[in-house]
Amino acid sequence: MSRQSFGLLGKSYAYDTTGSWLLGKWLHIPLYTVPLCSAVVDVAIQDYVADVAAELIYQNKSQISTEVLFVFPLGPHMAIYSFQACSEDAKVQAMLQDEVQQLHEATGGWEDLEYLLDQSQYVGEVFACPLGTLSPGREVVVTLHYVQELPREPDGAARFVLPPTLHPYTNLYVWGCRTSELHYSLLLTASLQSPRGVANVQANFALTPLIYTARDCSTAQVSLAGRPPSQHDLELLVYYRAPTAVSAAVEKGDPEAPPGSLLGDPMVLVMLAPSIPETVIGQRQYGEFIFLLDTTFLEHAQDSLLFLLKSLPLGCYFNIYCYEETSVGIYPHSVEYTQDNLTEAMRRIPSIGSSVGDTNLLETLRSVYNTTSHPCGHMRQLFIFMAGLPPDKEAIAAEVCRHRNSHRCFSFCFSEDSAALAMALARETGGEAAYVSSDNSMTVVVLKCLKQALKPAAEGVSLRWTLPHGLEVEVLGDSPQFIFQGQHSLLYAQIRGRTQEMTVAKGVMTLQYSLNGQDVTHSLEFPLCPQGDGRLAGHRLAARHLLKRLLPEAVSRSGDELRHRAVEISLNSGIICPFTSYVGVRTPLRVTWYRRPLALLPSHQSLIPCRIVELRGSSKVSSCYPVSIWVPPGWLTAVRASWLALCQVTQGIAALPQLGACSKACKPPPPSISSLKYVDPMEFVLCSISGRWCTEAIAECQELVALQNADGSWALTSGLASVLEVDEDELKRKMPGEVMESSIWATMLAVTWLHRHDKCYQDVCELLEAKAVTWLCSQAASQLDKCLEAANTLFGSSVKSSVFRL
C-alpha cells in the first residue's frame, strides 16, 4: 500500500457561460492536495505513549476559490481528541455528541465525504471534515491533537513515526508541477519523560543535542535540526535506562476532574515485555490448537489441512470443527496429538464436511468457549477459516472479544467481504490474519501462521501490587494470560485513594509468569508521585482501552447502563466511541465597524459533517496496479455499525454508504498470486508467491507427507518406496548395517529426499521436517552419519549433516 498523506484536499469551482460560479459534480472533478506551507509539531512522549499537538497552515495558491476538505489517516493505535480549523471567514471546531440523542445534525457538506468514500485510493480509517471555501491566496490554520500508543522495539526503545499528514514528502506534484523539494517548513519538538530516566535518542534525521530538564534525567527535550529530509518518514527511537521486563510510569490526573473519575485519579502506564528465548522447532510442545473450518475450505484445501495437521508438535492437544455442518467438534473436547487420534480425525473430516448445514460460526465459537481448556500451560489458539462473510459478524466479533485474554485467533479469509472480520478477530486476540488469494498460496500462508503460533510464550501472566496504606489500584480491563515471544502488552491501571506522602511514596509491582515450566518473577519499585504535563495522554488512551472493553457487552445487552457509561467516558475524554459521533461547528467571522478598532464577532453557527469514515479504496484507481491490496477496517467502524443497526439510528448518516460492508462497486479485484498477511497491530505485508511453483512443490511432497506419522517418523513401506521412486527391495538392501530400526532409515530417506530441493519445500515442509529430525536425534543419534551418507549416495544428493543437527 502506497504512503498516503492526505491533509487538505481541494476542489475548484467551474465557471459556466451564464457567468455564475457553479460547484461541479464531485465524481467528475478530481481532488488535489492544497499545499502545506508550515507545520509546527509538539510531541510529548511518556514511556510508551505519546501526545501530539500539530498546527498546520495551508494556502490556496491557485487563482480560483477552492472547496477544501481536511483528511487525516488514523493508525490502529491513534485517537484524535481535538480538532479546529480557522480561516479569515470562519472557524470550524469538532464536537463530540451522543449518537442516539443526535442533538445536532449537520446540514451540508455530505457530498465531500461521499466523494471521498467513492474515489479515494486509500484504505483504512480517516478523520474527515469539510472546511468550506478557501479564496485565492488565503490560508487555513488546522490545529490537531491526538494520542498514540507507541510500539516497543526488541531493545526496549519506544518508536515514534511522524504521520504522513504532518510530513507529506511524497507529494511530488504541487499544482501540476513536478518537484523534488519540500515547499513547507517543519518545526518539530519532542519532550521525553520516564521515571527510569531517558538514556538516549536516535533518529533518521538531524537532531539537536539532547537537553535534560531534570537532574535525575527523567525528562528531556530534543528537536529537529535544520530542514527535514525529503525522501523518507521521520522516525524517533527513545531509549530509557535499565530496560526491564516490566516498567511503570504514573501520570497525574486532571485537577479539574472530580476525584474518583477516570480523568481525575492518577494513571499507571504499565508495559509488560518479558524476555522469551528462542526454542528449537520440532520438539515436544504444549498447546491447544482448535481448527474451525467451513465446507468451502474442505472442498478446496484438503492438502492445506493435511500439511497443517501433520505439522503439529507432539505434546499438544487439538480438535476440529466444521461449523457449517455442526457446532460439535470431531471430538467432544480437545484430545492429545497422537497417531491414533490424528488418523481418526483425518478419517472423519470428509464425512463431516460432506454437506452444508445450518450451524453458523457464532454457535461454533460459543461451543468452543463453553468447553474447558486444558490446564498445565496448554494455551488455546484458534485457526478460523472463512470463505464468505457471516451474517452475524458483529456478534462474532463481540463473542471473540469477550474471551480475548484466554486465547489467540489466527483467521484466514478467501474473499474481500470476510477480510474485515478476519482482521478484527486477529487484532483483538493478538493473533494474525491472512487474506488468501488462491488455493496455490493457501498452504504456505497457513503454515507460516502456524509457525508463529508455535513460538514460545510466557504463560499464567499475573500482576501483584503493593501500595502504601490508603491506596489501591484498579487495572482497566483484564490482564493478558499469556504473552508470546516478540509481543508486549501495555496496560492501564488507576490509583484510587489518597495518602499524605504521595510525593515521596513508592509502590511495588510484581510480574509473575511461567516459562518452559519454570516460574519467573520480576519486581519493580516505582515512584507514586504523578508526573506529566497535563496533556493526559495516558488517561485518554486508557479511556480508549476501556471503551474497547465495554463495547462488546454494551452492544450485546439490551440495557442502557453500559452504553451510558461508554458515552460518559467518551465525552469526558474526547475519545470517540461507537455511541458518540463528531459534528463540526462552523462559526462565521464577520467584520463589524465600531468607533474602536476593527473587531471580529461570532455570527450564526452552522453544522457540518465531521466524521471518522472507513475508506475501502476505489476499484477505478486500484485496477491500474498489478496487485490490488485490500485492508479491512478496524473495530470502531464494525461495532458502530452494529450499534446503529440495533438502535435504528439513521439520522445524520443517511447520506453515507454503510460502513460495515463494502459495496460491490468499491471492491478491488482479488490478487491472483499474492496473499495479504496481517503481522502487527495493524500493518500488512504483501507475500508474493509463484502459483505454478507452489502447486508443483505441494503436489510432489503431498503423498510423502500423508505417510508421515504423528511423531515425525516414516515407516519403510511400499508406499514410501513409490513416492521416492525406488524399488522397496533396493531400499532395504541399501539400509546401513548399523541401523537397527527400518523406520530410522525410512525417516532419513524422506528428509533427504525433501532436502534435495530445499528451497522449494522449505515453506511447506519446515515444521514437519523439524519434527522428523527431532525424532531421529532421539532414536539414533549415533547412526545418523552413516544413514545420511547412504541416503546421499542413493539419491545422488549432497544434503549436509547440519540439517540433522550433527
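A crossing of two helices is left-handed if the near helix is turned anticlockwise from the far one by less than a right angle, and right-handed if clockwise. In this predicted model, H16 passes H18 in a right-handed crossing, whereas the crossing of H5 and H6 is left-handed. The chain holds 18 helices and 39 strands; these are DSSP runs numbered from the N terminus, with helices (H or I) of at least four residues and strands (E) of at least two.

Residues are numbered from 1 along each chain as its sequence is written. Because the model is predicted, local features need pLDDT of at least 70 and side-chain atom pairs count only at pLDDT 80 or more, while totals for chains, interfaces and linings use all residues; side-chain values use heavy atoms, without hydrogens and water.

**Confidence**

- The chain has a mean pLDDT of 78, with 76% of its residues at 70 or more; pLDDT is the predictor's confidence in each residue, from 0 to 100.
- Residues 353-358 have pLDDT below 50, and this stretch makes 10 contacts in the model beyond near neighbours in sequence; contact means heavy atoms within 4.5 Å.
- Residues 618-693 also have pLDDT below 50, and this stretch makes 180 contacts beyond near neighbours in sequence.
- Where pLDDT is low, the predicted coordinates should not be read in detail.

**Overall architecture**

- Of the 806 residues in the chain, 56% count as buried; buried means under 20% relative accessible area, exposed over 50%, and partly exposed in between, for a 1.4 Å probe and protein chains only.
- Among contacts between residues at least 6 apart in sequence, 75% join residues at least 24 apart.
- Helix H3 (residues 302-310) is mostly covered, with 7 of its 9 residues buried.
- The buried residues of H3 are Ser304, Leu305, Leu306, Phe307, Leu308, Leu309 and Lys310.

**Helix packing: H16 with H18**

- Two packed helices are described by the angle between their axes and the distance between the axes.
- Helix H16 (residues 742-755) packs against helix H18 (residues 784-795) at an angle of about 55 degrees, and their axes are 9 Å apart; axes are lines fitted to C-alpha atoms, for helices over the stretch in contact, and angles run from 0 to 180 degrees between N-to-C directions.
- H16 and H18 are therefore oblique to each other; angles under 35 degrees count as roughly parallel, over 145 as roughly antiparallel, 65 to 115 as roughly perpendicular and the rest as oblique.
- From H16, Ile744, Trp745, Met748, Leu749, Thr752 and Trp753 meet Leu784, Cys787, Leu788, Ala790, Ala791, Asn792, Leu794 and Phe795 of H18.
- This contact of H16 with H18 comprises 12 nonpolar, 2 polar and no charged residues; Ala, Val, Leu, Ile, Met, Phe, Trp, Tyr, Cys and Pro count as nonpolar, Asp, Glu, Lys and Arg as charged, and the others, Gly among them, as polar.

**Helix packing: H5 with H6**

- Helix H5 (residues 361-369) and helix H6 (residues 393-402) have axes 9 Å apart and pack at an angle of about 15 degrees, which makes H5 roughly parallel to H6.
- Leu361, Leu362, Leu365, Arg366 and Tyr369 of H5 meet Ala395, Ile396, Glu399 and Val400 of H6.
- By class, the contact of H5 with H6 has 7 nonpolar, no polar and 2 charged residues.

**Buried positions**

- Phe385, in strand E25 (residues 380-386), is buried at a relative accessible area of 0%.
- Not counting residues up to four places away in sequence, Phe385 touches Leu292, Leu293, Asp294, Phe297, Leu308, Tyr323, Phe412, Phe414 and Val446.
- Leu528 lies in the loop between strand E33 (518-527) and helix H9 (537-556) and counts as buried at 0% relative accessibility.
- Leaving aside neighbours within four places in sequence, the contacts of Leu528 are Val250, Leu467, Pro468, Leu471, Ile495, Met502, Ala505, Lys506 and Gly507.
- The C-alpha atoms of Leu528 and Lys252 are separated by 9.7 Å, although these residues are 276 apart along the chain.

- Leu536, which is not a glycine, has a positive phi of about 60 degrees; Leu536 lies in the loop between E33 and H9 and is buried, with a relative accessible area of 5%.
- Glu725 has a positive phi near 60 degrees and is found in the loop between helix H14 (718-724) and helix H15 (728-734); Glu725 is exposed, with a relative accessible area of 73%.
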